[in-house]
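Hi,

Here is the structure I promised to pass on. Have a look at it first, and then read on for what turned up.

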Amino acid sequence: MRRTGIISVVILTIGMLALYGCSVKTSGSNEDFSKKADEYIAALNNLCTRERIHGNILVAKGGEILFSKGYGKADYDKNIELTEDTIFLIGSNTKPITALAIMQLEEKGMLKLSDPVSKYIPSQTEGDKITIEHLLTHTSGIKRDAEINFHEPVSRDELINKIASQALDFEPGTGYEYSNGAFSLLACIIEKVSGETYEEYLKKNIFEPVGMKNTGAAASNAEFPHMASGYKIFDSHIEKVTSTIYDVSAFLGSGNIYSTTKDLYLLYKALNGDIVIKKETIERMYAHGYGLGVGELNGHKWMGYNGLLDNGYSSTVMRFPDEELTVISLMNVSNKDNINLNMAQVLSFMALGEKYDLPVKREKIQLDKENLERLSGRYLLDNGNVMTVRREANHLVLEPSAIKNILIPYSETEFYTMGSEYRLIKFNIDAEGKVEGLNYKECVYEVKGKRM
(Lines give C-alpha, C1' and ligand atoms only; values in the text may rest on other atoms or scores of the structure.)
Protein backbone atom coordinates (compact mmCIF):
# COMPACT_ATOMS: atom_id res chain seq x y z
CA MET A 1 0.00 0.00 0.00
CA ARG A 2 1.03 3.63 -0.19
CA ARG A 3 2.89 5.34 2.63
CA THR A 4 1.85 8.26 4.86
CA GLY A 5 4.03 10.56 6.82
CA ILE A 6 2.33 13.23 8.98
CA ILE A 7 1.12 12.04 12.36
CA SER A 8 0.33 13.68 15.68
CA VAL A 9 2.26 12.68 18.72
CA VAL A 10 1.21 10.72 21.78
CA ILE A 11 4.55 10.03 23.51
CA LEU A 12 4.82 6.79 25.43
CA THR A 13 7.99 5.04 26.47
CA ILE A 14 8.92 1.80 24.78
CA GLY A 15 8.72 0.20 28.20
CA MET A 16 4.94 0.60 28.03
CA LEU A 17 4.74 -1.86 25.16
CA ALA A 18 3.99 -4.65 27.62
CA LEU A 19 2.12 -7.92 27.21
CA TYR A 20 -1.58 -8.22 27.91
CA GLY A 21 -3.20 -11.33 29.37
CA CYS A 22 -5.40 -12.54 26.52
CA SER A 23 -3.80 -15.93 25.95
CA VAL A 24 -6.03 -18.97 25.59
CA LYS A 25 -5.82 -21.76 28.16
CA THR A 26 -3.32 -24.40 27.12
CA SER A 27 -2.01 -27.64 28.54
CA GLY A 28 0.92 -29.97 28.01
CA SER A 29 2.82 -29.23 24.80
CA ASN A 30 0.66 -26.17 24.18
CA GLU A 31 1.96 -24.58 27.37
CA ASP A 32 5.51 -25.25 26.21
CA PHE A 33 4.82 -23.70 22.79
CA SER A 34 3.13 -20.68 24.35
CA LYS A 35 6.11 -20.11 26.65
CA LYS A 36 8.59 -20.37 23.77
CA ALA A 37 6.55 -18.08 21.53
CA ASP A 38 6.20 -15.49 24.26
CA GLU A 39 9.91 -15.72 25.04
CA TYR A 40 10.83 -15.14 21.40
CA ILE A 41 8.49 -12.19 20.87
CA ALA A 42 9.62 -10.55 24.12
CA ALA A 43 13.26 -10.94 23.02
CA LEU A 44 12.47 -9.51 19.59
CA ASN A 45 10.69 -6.50 21.09
CA ASN A 46 13.53 -5.98 23.56
CA LEU A 47 16.04 -6.04 20.71
CA CYS A 48 14.37 -3.75 18.17
CA THR A 49 14.12 0.02 18.59
CA ARG A 50 11.89 0.91 15.64
CA GLU A 51 9.67 -1.81 14.19
CA ARG A 52 7.94 -3.80 16.91
CA ILE A 53 5.47 -6.63 17.55
CA HIS A 54 2.42 -4.69 18.74
CA GLY A 55 -0.98 -6.32 18.25
CA ASN A 56 -2.58 -9.77 18.25
CA ILE A 57 -0.96 -13.07 17.27
CA LEU A 58 -2.57 -16.48 16.82
CA VAL A 59 -0.95 -19.83 16.03
CA ALA A 60 -3.05 -22.95 15.40
CA LYS A 61 -2.17 -26.45 14.26
CA GLY A 62 -4.35 -29.45 13.50
CA GLY A 63 -7.51 -27.56 14.45
CA GLU A 64 -6.14 -26.57 17.88
CA ILE A 65 -5.07 -23.09 18.95
CA LEU A 66 -1.52 -23.27 20.33
CA PHE A 67 -1.04 -19.57 21.05
CA SER A 68 -3.27 -16.50 21.11
CA LYS A 69 -1.92 -13.37 22.71
CA GLY A 70 -1.68 -9.61 22.35
CA TYR A 71 1.15 -7.12 22.83
CA GLY A 72 0.57 -3.47 23.61
CA LYS A 73 -2.88 -1.88 23.70
CA ALA A 74 -5.77 -1.20 21.35
CA ASP A 75 -5.80 2.46 22.44
CA TYR A 76 -3.44 4.12 24.91
CA ASP A 77 -5.40 7.37 25.26
CA LYS A 78 -8.55 5.49 26.31
CA ASN A 79 -6.65 2.68 28.07
CA ILE A 80 -8.36 0.01 25.95
CA GLU A 81 -6.77 -3.43 26.13
CA LEU A 82 -6.45 -5.83 23.23
CA THR A 83 -8.76 -8.87 23.22
CA GLU A 84 -9.22 -11.76 20.81
CA ASP A 85 -12.14 -9.81 19.30
CA THR A 86 -10.15 -6.61 18.71
CA ILE A 87 -10.60 -5.48 15.10
CA PHE A 88 -7.74 -4.38 12.83
CA LEU A 89 -7.47 -3.25 9.23
CA ILE A 90 -5.75 -6.13 7.43
CA GLY A 91 -4.39 -4.19 4.44
CA SER A 92 -3.38 -6.37 1.51
CA ASN A 93 -4.58 -9.51 3.27
CA THR A 94 -7.80 -8.33 1.63
CA LYS A 95 -6.47 -9.65 -1.69
CA PRO A 96 -6.68 -13.40 -0.89
CA ILE A 97 -10.30 -12.88 0.17
CA THR A 98 -11.10 -11.07 -3.07
CA ALA A 99 -9.47 -13.97 -4.91
CA LEU A 100 -11.61 -16.47 -2.97
CA ALA A 101 -14.74 -14.63 -4.11
CA ILE A 102 -13.59 -14.75 -7.74
CA MET A 103 -12.92 -18.49 -7.46
CA GLN A 104 -16.38 -19.01 -5.93
CA LEU A 105 -17.97 -17.32 -8.92
CA GLU A 106 -15.90 -19.47 -11.25
CA GLU A 107 -17.08 -22.61 -9.46
CA LYS A 108 -20.67 -21.43 -9.95
CA GLY A 109 -20.05 -21.02 -13.68
CA MET A 110 -20.64 -17.27 -13.52
CA LEU A 111 -17.23 -16.33 -14.95
CA LYS A 112 -14.04 -17.84 -16.36
CA LEU A 113 -10.50 -16.87 -15.44
CA SER A 114 -9.79 -16.67 -19.17
CA ASP A 115 -12.49 -14.01 -19.63
CA PRO A 116 -11.14 -10.68 -20.91
CA VAL A 117 -11.60 -7.77 -18.52
CA SER A 118 -13.33 -5.85 -21.29
CA LYS A 119 -16.29 -8.23 -20.95
CA TYR A 120 -17.06 -6.66 -17.57
CA ILE A 121 -15.29 -3.29 -17.75
CA PRO A 122 -15.48 -2.10 -21.39
CA SER A 123 -13.53 1.10 -20.65
CA GLN A 124 -10.40 -0.74 -19.49
CA THR A 125 -7.35 0.16 -21.58
CA GLU A 126 -6.41 -2.89 -23.69
CA GLY A 127 -9.04 -4.78 -21.71
CA ASP A 128 -9.43 -7.35 -24.48
CA LYS A 129 -5.83 -8.46 -23.82
CA ILE A 130 -6.13 -8.62 -20.02
CA THR A 131 -7.75 -11.68 -18.45
CA ILE A 132 -9.11 -12.20 -14.94
CA GLU A 133 -6.17 -14.54 -14.37
CA HIS A 134 -3.77 -11.70 -15.20
CA LEU A 135 -5.45 -9.57 -12.52
CA LEU A 136 -5.15 -12.36 -9.93
CA THR A 137 -1.43 -12.85 -10.57
CA HIS A 138 -0.26 -9.20 -10.92
CA THR A 139 0.68 -9.82 -14.55
CA SER A 140 -1.86 -7.48 -16.19
CA GLY A 141 0.43 -4.48 -16.68
CA ILE A 142 -2.01 -2.31 -14.70
CA LYS A 143 -0.20 0.25 -12.55
CA ARG A 144 0.13 -0.26 -8.81
CA ASP A 145 -2.34 2.51 -7.91
CA ALA A 146 -4.74 4.89 -9.57
CA GLU A 147 -3.78 8.56 -9.79
CA ILE A 148 -6.22 9.84 -7.17
CA ASN A 149 -6.20 11.63 -3.82
CA PHE A 150 -5.83 8.75 -1.36
CA HIS A 151 -6.73 10.93 1.62
CA GLU A 152 -10.34 11.55 0.62
CA PRO A 153 -13.25 9.20 -0.13
CA VAL A 154 -13.44 8.27 -3.80
CA SER A 155 -16.54 6.95 -5.53
CA ARG A 156 -16.42 3.46 -6.98
CA ASP A 157 -17.04 4.76 -10.50
CA GLU A 158 -14.26 7.34 -10.25
CA LEU A 159 -11.79 4.75 -8.92
CA ILE A 160 -12.54 2.23 -11.66
CA ASN A 161 -12.48 4.88 -14.38
CA LYS A 162 -9.09 6.15 -13.18
CA ILE A 163 -7.63 2.65 -13.17
CA ALA A 164 -9.16 1.74 -16.52
CA SER A 165 -7.94 4.89 -18.28
CA GLN A 166 -4.25 4.54 -17.35
CA ALA A 167 -1.77 3.21 -19.89
CA LEU A 168 -0.38 -0.25 -19.11
CA ASP A 169 3.19 -0.62 -17.89
CA PHE A 170 3.75 -3.73 -20.04
CA GLU A 171 1.96 -6.12 -22.37
CA PRO A 172 -0.40 -8.33 -20.33
CA GLY A 173 1.20 -11.64 -19.39
CA THR A 174 4.77 -10.55 -20.17
CA GLY A 175 5.82 -9.14 -16.81
CA TYR A 176 5.01 -8.74 -13.13
CA GLU A 177 4.05 -5.60 -11.21
CA TYR A 178 2.27 -5.59 -7.86
CA SER A 179 -1.07 -3.91 -8.45
CA ASN A 180 -3.72 -2.72 -6.03
CA GLY A 181 -5.62 -1.43 -9.05
CA ALA A 182 -5.94 -4.94 -10.50
CA PHE A 183 -7.74 -6.11 -7.36
CA SER A 184 -10.07 -3.13 -7.45
CA LEU A 185 -11.04 -4.29 -10.94
CA LEU A 186 -11.63 -7.79 -9.55
CA ALA A 187 -13.96 -6.29 -6.91
CA CYS A 188 -15.81 -4.50 -9.69
CA ILE A 189 -16.14 -7.77 -11.63
CA ILE A 190 -17.55 -9.46 -8.51
CA GLU A 191 -20.21 -6.78 -8.39
CA LYS A 192 -21.03 -7.01 -12.08
CA VAL A 193 -21.34 -10.80 -12.03
CA SER A 194 -23.15 -11.23 -8.70
CA GLY A 195 -25.45 -8.22 -8.88
CA GLU A 196 -24.43 -7.31 -5.32
CA THR A 197 -21.97 -4.84 -3.89
CA TYR A 198 -18.52 -6.21 -3.11
CA GLU A 199 -19.22 -5.74 0.59
CA GLU A 200 -22.58 -7.56 0.43
CA TYR A 201 -21.20 -10.45 -1.59
CA LEU A 202 -18.35 -11.12 0.85
CA LYS A 203 -20.68 -10.93 3.83
CA LYS A 204 -23.23 -13.40 2.41
CA ASN A 205 -20.86 -15.83 0.72
CA ILE A 206 -17.72 -15.86 2.87
CA PHE A 207 -17.98 -14.10 6.22
CA GLU A 208 -21.38 -15.35 7.40
CA PRO A 209 -21.00 -19.00 6.25
CA VAL A 210 -17.66 -19.21 8.08
CA GLY A 211 -18.92 -17.45 11.23
CA MET A 212 -16.71 -14.36 10.94
CA LYS A 213 -18.74 -12.07 13.20
CA ASN A 214 -16.24 -9.22 13.48
CA THR A 215 -15.15 -9.02 9.84
CA GLY A 216 -16.36 -6.83 7.01
CA ALA A 217 -15.38 -4.78 3.99
CA ALA A 218 -15.64 -1.01 4.42
CA ALA A 219 -16.67 1.14 1.46
CA SER A 220 -14.93 4.09 3.16
CA ASN A 221 -13.38 5.04 6.49
CA ALA A 222 -16.80 6.29 7.61
CA GLU A 223 -17.95 2.66 7.79
CA PHE A 224 -15.24 1.45 10.19
CA PRO A 225 -16.47 -0.34 13.30
CA HIS A 226 -14.86 0.31 16.69
CA MET A 227 -11.34 -1.09 16.27
CA ALA A 228 -7.77 -0.77 17.48
CA SER A 229 -6.23 2.65 16.91
CA GLY A 230 -3.30 2.78 14.51
CA TYR A 231 0.19 3.75 15.68
CA LYS A 232 3.76 4.21 14.53
CA ILE A 233 6.73 3.29 16.70
CA PHE A 234 9.96 5.27 16.91
CA ASP A 235 13.16 4.89 18.91
CA SER A 236 11.71 5.87 22.29
CA HIS A 237 8.00 6.47 21.81
CA ILE A 238 4.84 5.47 20.01
CA GLU A 239 2.64 7.91 18.07
CA LYS A 240 -1.02 7.58 17.19
CA VAL A 241 -1.84 8.15 13.53
CA THR A 242 -4.44 10.91 13.48
CA SER A 243 -3.86 12.88 10.29
CA THR A 244 -3.03 12.29 6.64
CA ILE A 245 -4.94 9.02 6.84
CA TYR A 246 -5.72 7.13 3.65
CA ASP A 247 -9.35 6.40 2.90
CA VAL A 248 -9.88 2.70 2.15
CA SER A 249 -12.29 3.53 -0.67
CA ALA A 250 -9.11 3.94 -2.72
CA PHE A 251 -8.23 0.30 -2.00
CA LEU A 252 -11.46 -1.44 -2.95
CA GLY A 253 -10.73 -5.18 -3.17
CA SER A 254 -7.08 -4.69 -2.28
CA GLY A 255 -7.02 -3.24 1.25
CA ASN A 256 -10.47 -2.39 2.62
CA ILE A 257 -11.27 -5.39 4.85
CA TYR A 258 -11.15 -5.33 8.67
CA SER A 259 -11.01 -8.47 10.81
CA THR A 260 -9.68 -10.22 13.92
CA THR A 261 -7.16 -13.00 14.44
CA LYS A 262 -9.98 -15.30 15.57
CA ASP A 263 -12.10 -14.60 12.47
CA LEU A 264 -9.21 -15.07 10.07
CA TYR A 265 -8.40 -18.37 11.76
CA LEU A 266 -12.00 -19.50 11.18
CA LEU A 267 -11.63 -18.59 7.49
CA TYR A 268 -8.37 -20.43 6.93
CA LYS A 269 -9.61 -23.39 8.96
CA ALA A 270 -12.67 -23.52 6.69
CA LEU A 271 -10.37 -23.86 3.69
CA ASN A 272 -9.62 -27.40 4.87
CA GLY A 273 -13.19 -28.29 3.88
CA ASP A 274 -15.64 -27.21 1.21
CA ILE A 275 -17.40 -24.40 3.08
CA VAL A 276 -15.95 -21.53 1.03
CA ILE A 277 -14.63 -23.25 -2.10
CA LYS A 278 -13.70 -26.79 -3.06
CA LYS A 279 -10.35 -28.24 -2.04
CA GLU A 280 -9.29 -28.68 -5.66
CA THR A 281 -9.98 -24.98 -6.27
CA ILE A 282 -7.81 -24.04 -3.30
CA GLU A 283 -5.05 -26.24 -4.75
CA ARG A 284 -5.27 -24.29 -8.02
CA MET A 285 -4.94 -21.04 -6.07
CA TYR A 286 -1.79 -22.39 -4.40
CA ALA A 287 -0.36 -23.72 -7.65
CA HIS A 288 -0.81 -20.46 -9.58
CA GLY A 289 -0.59 -17.88 -6.78
CA TYR A 290 -4.09 -16.49 -7.34
CA GLY A 291 -4.22 -13.61 -4.87
CA LEU A 292 -1.63 -15.34 -2.70
CA GLY A 293 2.03 -15.46 -1.92
CA VAL A 294 3.35 -19.02 -2.05
CA GLY A 295 6.65 -20.64 -1.18
CA GLU A 296 8.55 -23.15 0.96
CA LEU A 297 10.10 -22.83 4.40
CA ASN A 298 12.64 -25.60 5.03
CA GLY A 299 10.69 -27.84 2.68
CA HIS A 300 7.29 -26.97 4.12
CA LYS A 301 4.85 -25.55 1.56
CA TRP A 302 3.14 -22.34 2.64
CA MET A 303 0.76 -19.74 1.30
CA GLY A 304 -0.09 -16.35 2.71
CA TYR A 305 0.24 -12.60 2.45
CA ASN A 306 1.58 -9.43 4.06
CA GLY A 307 -0.49 -6.30 4.52
CA LEU A 308 0.51 -2.71 5.26
CA LEU A 309 -1.49 0.49 5.66
CA ASP A 310 0.25 3.63 6.82
CA ASN A 311 -2.91 4.39 8.78
CA GLY A 312 -1.09 2.38 11.45
CA TYR A 313 -1.77 -1.26 10.58
CA SER A 314 0.24 -4.21 9.30
CA SER A 315 -0.53 -7.90 9.02
CA THR A 316 0.84 -11.31 8.08
CA VAL A 317 -0.94 -14.60 7.43
CA MET A 318 1.00 -17.82 6.80
CA ARG A 319 -0.78 -21.13 6.21
CA PHE A 320 0.93 -24.51 5.82
CA PRO A 321 -1.81 -26.71 4.32
CA ASP A 322 0.00 -30.05 4.61
CA GLU A 323 0.59 -29.56 8.35
CA GLU A 324 -2.71 -27.70 8.96
CA LEU A 325 -0.66 -24.90 10.53
CA THR A 326 -1.81 -21.28 10.51
CA VAL A 327 0.03 -18.22 11.87
CA ILE A 328 -1.82 -14.90 11.95
CA SER A 329 -0.37 -11.55 13.02
CA LEU A 330 -2.53 -8.40 13.09
CA MET A 331 -0.65 -5.30 14.23
CA ASN A 332 -1.90 -1.79 15.02
CA VAL A 333 1.47 -0.36 14.02
CA SER A 334 2.80 0.37 10.52
CA ASN A 335 5.75 -2.02 10.41
CA LYS A 336 7.53 -1.63 7.08
CA ASP A 337 10.55 -3.88 7.54
CA ASN A 338 8.94 -7.35 7.39
CA ILE A 339 9.27 -7.93 11.14
CA ASN A 340 5.73 -9.40 11.10
CA LEU A 341 6.69 -11.91 8.42
CA ASN A 342 9.96 -12.78 10.14
CA MET A 343 8.22 -13.33 13.45
CA ALA A 344 5.55 -15.47 11.74
CA GLN A 345 8.27 -17.58 10.12
CA VAL A 346 9.94 -18.21 13.48
CA LEU A 347 6.62 -19.19 15.10
CA SER A 348 6.09 -21.53 12.17
CA PHE A 349 9.51 -23.06 12.81
CA MET A 350 8.57 -23.61 16.45
CA ALA A 351 5.30 -25.34 15.54
CA LEU A 352 7.04 -27.48 12.90
CA GLY A 353 9.84 -28.57 15.23
CA GLU A 354 12.55 -26.69 13.31
CA LYS A 355 15.52 -24.96 14.92
CA TYR A 356 15.58 -21.21 15.53
CA ASP A 357 17.71 -18.70 17.43
CA LEU A 358 16.57 -16.23 20.06
CA PRO A 359 17.36 -12.59 19.20
CA VAL A 360 20.24 -11.22 21.28
CA LYS A 361 21.60 -7.73 21.76
CA ARG A 362 25.04 -6.98 20.36
CA GLU A 363 27.47 -4.34 21.54
CA LYS A 364 28.16 -1.55 19.07
CA ILE A 365 31.78 -0.77 18.14
CA GLN A 366 33.40 1.98 16.07
CA LEU A 367 35.10 1.37 12.71
CA ASP A 368 37.18 3.93 10.83
CA LYS A 369 36.29 5.14 7.36
CA GLU A 370 38.96 2.97 5.73
CA ASN A 371 37.47 -0.23 7.13
CA LEU A 372 33.97 0.88 6.14
CA GLU A 373 35.06 1.81 2.64
CA ARG A 374 36.59 -1.60 1.90
CA LEU A 375 33.23 -3.26 2.63
CA SER A 376 31.31 -0.92 0.30
CA GLY A 377 30.24 -2.34 -3.03
CA ARG A 378 27.59 -4.26 -4.93
CA TYR A 379 26.78 -7.87 -4.05
CA LEU A 380 24.95 -10.38 -6.24
CA LEU A 381 22.69 -12.47 -4.01
CA ASP A 382 21.83 -16.14 -4.50
CA ASN A 383 18.22 -15.15 -5.21
CA GLY A 384 19.30 -13.00 -8.17
CA ASN A 385 18.86 -9.62 -6.48
CA VAL A 386 21.64 -7.08 -6.13
CA MET A 387 22.40 -5.54 -2.73
CA THR A 388 24.40 -2.33 -2.53
CA VAL A 389 26.41 -1.36 0.53
CA ARG A 390 27.81 2.15 0.54
CA ARG A 391 29.61 4.35 3.02
CA GLU A 392 27.77 7.45 4.12
CA ALA A 393 29.92 9.59 6.42
CA ASN A 394 30.89 7.35 9.37
CA HIS A 395 28.55 4.44 8.71
CA LEU A 396 27.40 1.99 6.04
CA VAL A 397 23.98 2.11 4.38
CA LEU A 398 22.17 -0.86 2.85
CA GLU A 399 20.28 -0.42 -0.44
CA PRO A 400 17.75 -0.92 -1.92
CA SER A 401 15.25 -0.74 0.92
CA ALA A 402 11.79 0.66 1.63
CA ILE A 403 13.30 2.41 4.65
CA LYS A 404 16.85 3.66 5.14
CA ASN A 405 18.94 0.86 6.65
CA ILE A 406 21.99 2.08 8.55
CA LEU A 407 24.43 -0.71 9.40
CA ILE A 408 25.88 -0.75 12.93
CA PRO A 409 29.11 -2.74 13.44
CA TYR A 410 29.55 -5.16 16.33
CA SER A 411 32.79 -6.60 14.92
CA GLU A 412 35.09 -5.66 12.05
CA THR A 413 32.97 -7.75 9.63
CA GLU A 414 29.58 -8.11 11.34
CA PHE A 415 26.74 -5.58 11.42
CA TYR A 416 23.10 -5.21 12.43
CA THR A 417 20.62 -2.67 11.03
CA MET A 418 19.55 0.29 13.13
CA GLY A 419 15.89 -0.01 14.16
CA SER A 420 15.59 -3.56 12.84
CA GLU A 421 18.36 -5.09 14.91
CA TYR A 422 17.41 -8.68 14.06
CA ARG A 423 18.74 -8.08 10.52
CA LEU A 424 22.37 -9.19 10.41
CA ILE A 425 25.12 -8.95 7.78
CA LYS A 426 28.47 -10.72 7.93
CA PHE A 427 31.11 -9.87 5.33
CA ASN A 428 33.34 -12.73 4.18
CA ILE A 429 37.08 -11.96 3.96
CA ASP A 430 39.58 -14.23 2.17
CA ALA A 431 43.12 -15.10 3.34
CA GLU A 432 44.53 -12.04 1.57
CA GLY A 433 42.13 -9.68 3.31
CA LYS A 434 39.88 -9.11 0.30
CA VAL A 435 36.11 -8.98 0.65
CA GLU A 436 34.62 -12.01 -1.15
CA GLY A 437 30.96 -11.63 -0.31
CA LEU A 438 28.43 -11.45 2.49
CA ASN A 439 25.78 -13.39 4.39
CA TYR A 440 22.48 -11.60 5.05
CA LYS A 441 20.13 -13.00 7.70
CA GLU A 442 16.66 -12.10 8.96
CA CYS A 443 15.59 -14.43 11.78
CA VAL A 444 15.25 -17.78 9.92
CA TYR A 445 15.79 -16.40 6.41
CA GLU A 446 19.35 -16.29 5.11
CA VAL A 447 20.86 -15.47 1.72
CA LYS A 448 24.47 -15.29 0.51
CA GLY A 449 25.98 -12.83 -1.93
CA LYS A 450 29.19 -12.50 -3.96
CA ARG A 451 30.93 -9.20 -4.44
CA MET A 452 30.52 -7.93 -7.98
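Two strands count as paired if DSSP finds at least two bridges between them. With that in mind, this predicted model holds a closed barrel of 8 strands, which pair antiparallel in the order 13-14-15-16-17-18-19-20. From one strand to the next, the twist averages 30°. For one of the pairings, take strand 15 (residues 395-399) and strand 16 (residues 405-409): they run antiparallel and are joined by 3 bridges. Leucine 396 has leucine 407 of strand 16 as its bridge partner.

Next, the second largest pocket, which may be of interest to you. The space in it comes to about 270 Å³. Its lining is made up of 19 residues, and Arg362, Tyr422, Leu424, Lys441 and Cys443 are the closest to the pocket's centre. Helix 1 (29-47), strand 18 (420-429) and strand 19 (435-442) each give two or more residues to this lining. What classes of residue line the second largest pocket? There are 11 nonpolar, 7 charged and 1 polar.

Finally, a helix pair. The axes of helix 2 (residues 94-107) and helix 6 (residues 198-210) come within 11 Å and cross at roughly 75°, so helix 2 is roughly perpendicular to helix 6. On the helix 2 side, the contact includes Ile97, Leu100 and Leu105, while Tyr201, Leu202 and Phe207 are among the residues they meet in helix 6. The contact between helix 2 and helix 6 has 9 nonpolar residues, 4 polar and no charged.

Best wishes

Key: Residues numbered from 1 in each chain as written. Predicted model: local features only at pLDDT ≥ 70, side-chain atom pairs only at ≥ 80, totals over all residues. Heavy atoms only, no water. 1 Å grid on protein atoms, 1.4 Å probe; cavity = no way out; pocket = protein on both sides within 12 Å on 5 of 7 lines; lining within 4 Å. Points joined across faces, edges and corners; volume = space filled by probe spheres on them. Helix = DSSP H or I, 4+ residues; strand = E, 2+ residues; numbered from the N terminus. Nonpolar A, V, L, I, M, F, W, Y, C, P; charged D, E, K, R; others polar. Axes fitted to C-alpha atoms, helices over the stretch in contact; angles between N-to-C directions. Parallel < 35°, antiparallel > 145°, perpendicular 65-115°, else oblique. Contact = heavy atoms within 4.5 Å.
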